[in-house]
Amino acid sequence: MSQIVATGTAEVGVTTAPAPETVGGAGMWTFLATDAMGFGGLFVAYGILRVRADIWPDPRSRLALAPAAAMTFALLTSSLTLTLATRAASSRSRRLWLNATLVLGVAFLAGAAVEYRHLFGGAAPMGLASDLFASTFYLLTGFHGLHVLAGLIGIGFMSRAKADVQALNTMALYWHFVDAMWMPIFSILYLWPGR
């Protein structure tokens, strides 16, 4: 970004570095665009495998919809609490909303861990290699879970350190993206009936 600075009667051209908020925001948007391609590739692979499969199990016969809906609610609510953290007027209230976001994110991951334990050890265990549905289920939910974990680490750091508002806004972009990616995962894995 260039600025013209007046010094006396002469003008001198001064080149300054981009503002940190534009660098952080642009960097996060670039990362999210490439990460969206990763999720998109997984969605396309799921769709191709499902269309080409002779039969596809009904997810309701294997997955518990009510706990997954509760996990979804916790994750979506965490987007609200993080938004409230970015808009908080004091550092105390910001920390309160960040901690609420952490609790909700941990609740989501704990629900996923309980679900995995149930699926691995249930009456009809669903392992990683049981069938295509199981493999794609674990791949999509595991990939998303790693993103949630990374977000929780970042938010945890910001709740302990004195993070500036721009850094928090950049982290919020990531968190909202992770929440948004859960919606198609939830829809195609839990709600799309088998055939």
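**A close look at α2**

Reply: Happy to! In this predicted model, the buried residues of α2 pack against α3, α4 (132-160) and α5 (165-191). This model needs pLDDT of at least 70 for local features and 80 or more for side-chain atom pairs, while totals for chains, interfaces and linings use all residues. Residues are numbered from 1 along each chain as its sequence is written, and side-chain values use heavy atoms, without hydrogens and water.

Helix α2 covers residues 65-87; helices here are DSSP runs (H or I, at least four residues), and strands are runs of E, at least two, both numbered from the N terminus. From its first C-alpha to its last, α2 reaches 33 Å with its 23 residues, close to the 33 Å expected at 1.5 Å a residue; that expectation is 1.5 Å times one less than the number of residues.

Which residues of α2 are buried? They are A68, M71, T72, A74, L75, S78, S79, T81, L82, A85 and T86. Buried means under 20% relative accessible area, exposed over 50%, and partly exposed in between (1.4 Å probe, protein chains only). An α-helix has 3.6 residues a turn, so residues three or four places apart point the same way.

Now step back to the whole protein chain, which has five helices and two strands, in the order β-β-α-α-α-α-α. Of its 195 residues, 36% count as buried. Among contacts (heavy atoms within 4.5 Å) between residues at least 6 apart in sequence, 73% join residues at least 24 apart.
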